[in-house]
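Welcome! Try each task yourself before you read the worked solution.

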Amino acid sequence: MNIKKVTLHLIEQSLLSPFVTSMGSVNVRESIIVEVEDDEGTVGWGEVVAFSTPWYTEETIKTTWHMLEDFILPSLLQTTIEHPATFQSISQNIKRNNMAKASVETAIWDLYAKKQNLPLSDVIGGTREKIDSGVVVSIHTIDQVLRKIESHLEEGYKRIKIKIKPGQDVKLLSQIRKEFPTVPLMADANSAYTLNDIARLKSLDEFELMMIEQPLGADDIVDHATLQQEITTPVCLDESIVTLDDARKAIELGSCQMINIKIGRVGGLSEAIQIHNLCKEKNVPVWCGGMLETGISRAHNIALASLANFTIPGDISASSRYWEKDIINPSVIVENGTIKVPREPGIGYEVNREHLRKITKVSKTFE
């Protein structure tokens with residue numbers, strides 16, 4: 001594949017409702033849509049999933065645009081791409097900046113699958129025709145959380161994830177379990193606790209959670225191993241797993257029993273697939289996390305979650321949960337708690353260019 005040009009579209013959309021975690025609240029979502037075109041006019045789509053502020057990782061929309069414009073795209077436009085996995089060698093001298101890298105790498109995967117006239121899920125080795133869908137409930141009052149859970153269960157979602165933090169955990173989970181004693185339930189702490197909170201975290205064992213996600217520091221693996229020895233609830237790592245080597249170390253240390261794989265966090269589909277394969281070999285189940293994405297990244301997540309070891313419903317929900325109008329046609333739909341894996345070439349969804357133009361703040365093409 002000879003990449004002829006790349007266009008970056010900086011977009012902005014309001015969420016239908018605020019997304020609240022222990023780290024803060026997101027009301028308006030900026031994203032960068034990456035459009036890669038080869039010399040035959042075939043287009044692949046990717047997305048920067050960094051946030052406007054560095055609350056999840058060190059990357060932001062502004063830093064990723066800088067990395068793309070000044071470093072990643074100049075190298076890409078001088079190189080012939082034989083396979084999407086070779087993008088890792090093109091960008092290997094750029095440290096970290098995984099979300100910037102992933103936005104281009106996923107666009108190349110979409111382009112590559114379209115050139116093969118195959119669904120992306122088939123190209124990466126997916127085996128599922130449908131994936132199970134889970135949903136996230138952000139931090140609200142207890143009554144609001146209970147009503148949201150009730151609504152999501154009526155919609156058919158197969159797993160509920162609750163955002164927690166110290167002071168909004170034990171009482172909240174107790175009320176949830178009282179009203180929904182058998183619902184598959186997990187808790188996401190977004191690094192809100194330390195080892196000083198072991199007693200509090202042990203008290204969560206009674207709620208029979210599927211897992212507690214990233215309870216300790218975002219860059220920690222060692223303390224999580226200590227915590228996992230003290231609690232029966234499985235620990236799931238998210239922010240701590242940035243590379244395949246991180247996953248290997250976490251598994252060897254016993255830092256977790258499950259891993260959340262996010263394409264943007266680990267630098268692209270190639271690394272995500274390698275982490276999946278390692279976890280499958282080590283009998284560590286994985287699931288696909290979400291980043292308040294548009295349908296473009298959601299489509300890449302659907303393809304990834306079609307791999308065999310994604311045995312836990314991921315944070316891949318309907319477009320209508322977040323956006324009044326998504327930028328893809330058709331929008332992502334959840335039916336009876338599942339999402340169909342598209343059979344069309346590439347990511348399987350068309351980008352609505354008219355709506356993309358409507359929500360674009362800045363657009364720039366590199367050739």
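**Exercise 1. Find what Ile 72 touches, leaving out residues up to four places away in sequence.**

Step 1: Contact means heavy atoms within 4.5 Å. With that rule, and with those sequence neighbours left out, Ile 72 touches Met 67, Phe 87, Ile 94, Ala 100, Lys 101 and Val 104.

Step 2: Ile 72 belongs to helix α1. Helices (H or I, at least four residues) and strands (E, at least two) are DSSP runs, numbered from the N terminus.

Step 3: Check its cover. Ile 72 has a relative accessible area of 2%, so it is buried. The cut-offs are under 20% relative accessible area for buried and over 50% for exposed, with partly exposed in between (1.4 Å probe, protein chains only).

Step 4: Look across the chain. Asp 197 is 125 residues away from Ile 72 along the chain, and their C-alpha atoms are separated by 42 Å.

Before going on, two notes on the source. This is a predicted model, in which local features need pLDDT of at least 70 and side-chain atom pairs count only at pLDDT 80 or more, while totals for chains, interfaces and linings use all residues. Residues are numbered from 1 along each chain as its sequence is written, and side-chain values use heavy atoms, with hydrogens and water left out.

**Exercise 2. Describe helix α1: where is its kink centred, and which of its residues are buried?**

Step 1: Helix α1 covers residues 61-76 and has a kink of about 45°, centred on Leu 68. The bend at a residue is the angle between axes fitted to the seven residues ending there and the seven starting there.

Step 2: List the buried residues of α1: Ile 61, Thr 64, Trp 65, Met 67, Leu 68, Ile 72, Leu 73 and Leu 76.

Step 3: Recall a general point. An α-helix has 3.6 residues a turn, so residues three or four places apart point the same way.

**Exercise 3. Follow the contacts of Ile 81 and Ile 3.**

Step 1: Ile 81 sits in the loop between α1 and α2 (87-90). Its relative accessible area is 0%, so Ile 81 is buried.

Step 2: Not counting residues up to four places away in sequence, Ile 81 touches Met 1, Ile 3, Leu 76, Thr 86, Ile 90 and Ile 108. Trp 109 is 28 residues from Ile 81 in sequence and 11 Å from it in space, C-alpha to C-alpha.

Step 3: Move to Ile 3, which lies in strand β1 (residues 3-21). Ile 3 is buried because its relative accessible area is 8%.

Step 4: With residues up to four places away again left out, Ile 3 touches Val 36, Glu 37, Asp 38, Leu 76, Leu 77, Ile 81 and Leu 111. Although Ile 3 and Leu 111 are 108 residues apart along the chain, their C-alpha atoms are separated by 9.9 Å.

**Exercise 4. Asn 190 and Asn 283: is each buried or exposed?**

Step 1: Asn 190 is in the loop between β7 (185-188) and α7 (198-202). Its phi is near 45°, a positive value in a residue other than glycine.

Step 2: With a relative accessible area of 4%, Asn 190 is buried.

Step 3: Asn 283 is in the loop between α11 (269-281) and β11 (286-288). Its phi is near 60°, also a positive value in a residue other than glycine.

Step 4: Asn 283 has 68% relative accessibility, so it counts as exposed.

**Exercise 5. Locate the cis peptide bond between Asn 329 and Pro 330 and give its omega.**

Step 1: The bond from Asn 329 to Pro 330 is cis, and omega is near -10°.

Step 2: Pro 330 is in the loop between β12 (328-329) and β13 (338-340).

**Exercise 6. Step back: how many helices and strands does the protein chain have?**

Step 1: There are 13 helices and 15 strands in the chain. The radius of gyration, taken over C-alpha atoms, is 20 Å, close to the 21 Å that the globule rule gives for 367 residues, so the chain is as compact as a globular protein of that length. That rule is 2.2 Å times the number of residues to the power 0.38.

Step 2: The C-alpha trace spans about 60 × 40 × 35 Å along its principal axes.

Step 3: Of the 367 residues, 59% are buried.
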